[in-house]
Amino acid sequence: MAITTSKWDTADYLNSEEEIVAFLDAVMEEGDLQFLCKALGQVARSKGMTEIAKKTGMSRESLYKALSEGGNPSLGTVVSVLDAMGLRLSVAPREHERAA
């Protein structure tokens with residue numbers, strides 16, 4: 001019997017606000033801008049890229065490009081996308097610095 005596989009898509013598993021927040025928080029801990037761009041794209045796809053595009057006033061194509069692994073979105077784009085998803089950017093001390 002042959003084993004069938006399918007390509008993993010993180011967007012398929014981001015089903016609640018709690019999962020999305022935990023995912024983005026973990027991505028932010030990595031400190032990798034390219035990883036963050038890709039993660040924001042995955043979250044946007046989980047919520048519906050067309051809907052996010054409408055809410056941000058950007059085209060779907062522009063969002064796909066900006067939120068791809070090689071994308072380089074402006075801070076304004078990141079904030080607009082987060083706002084369209086009902087999220088906001090916040091700042092907190094790193095965990096290891098709190099303990100010190």
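User: How do you know that the span of helix α2 agrees with its number of residues?

Analyst: This is a predicted model, and in it helix α2 runs over residues 33-47, which makes 15 residues. The expected span is 1.5 Å times one less than the number of residues, so α2 should span 21 Å, and because its end C-alpha atoms are 21 Å apart, the two values agree.

User: Which residues of α2 are buried, and what do they pack against?

Analyst: The buried residues of α2 are Leu36, Cys37, Ala39, Leu40, Gly41, Gln42, Val43 and Ala44, and their packing partners are the helices α1 (17-30), α3 (49-56), α4 (60-66) and α5 (75-84).

User: What is found at the start of α2 and just after it?

Analyst: At the start, a side-chain oxygen of Asp32 comes to within 3.0 Å of the backbone nitrogen of Gln34, while just after the helix Gly48 has a positive phi of about 105 degrees.

User: Why is the pair of Arg45 and Asp9 called a salt bridge?

Analyst: The term requires a side-chain nitrogen of Lys or Arg within 4 Å of a carboxyl oxygen of Asp or Glu. The closest N and O atoms of Arg45 and Asp9 are 2.9 Å apart, and the pair therefore meets the cut-off.

User: Why is Lys38 called partly exposed?

Analyst: Partly exposed lies between the 20% limit for buried and the 50% limit for exposed, and because Lys38 has a relative accessibility of 34%, it falls in that range. Arg45, with a relative accessible area of 32%, is partly exposed too.

User: How do you know whether Thr56 is buried or exposed?

Analyst: Thr56, which is found in helix α3, has a relative accessibility of 18%, and because buried means under 20%, Thr56 counts as buried. Leaving aside neighbours within four places in sequence, Thr56 is in contact with Leu63, Ser80, Val81 and Ala84.

User: What makes Thr56 and Ala53 a polar contact?

Analyst: A polar atom of the Thr56 side chain lies 3.2 Å from the backbone oxygen of Ala53, and this distance is within the 3.5 Å cut-off for such a pair.

Note on methods
Residues are numbered from 1 along each chain as its sequence is written. This is a predicted model: local features need pLDDT of at least 70, side-chain atom pairs count only at pLDDT 80 or more; totals for chains, interfaces and linings use all residues. Side-chain values use heavy atoms; hydrogens and water are left out. Helices (H or I, at least four residues) and strands (E, at least two) are DSSP runs, numbered from the N terminus. Buried means under 20% relative accessible area, exposed over 50%, partly exposed in between (1.4 Å probe, protein chains only). Contact means heavy atoms within 4.5 Å. A polar contact is a pair of N or O atoms within 3.5 Å; within protein, one must be able to donate a hydrogen and the other to accept it, and residues adjacent in sequence count only if both atoms are side-chain atoms.
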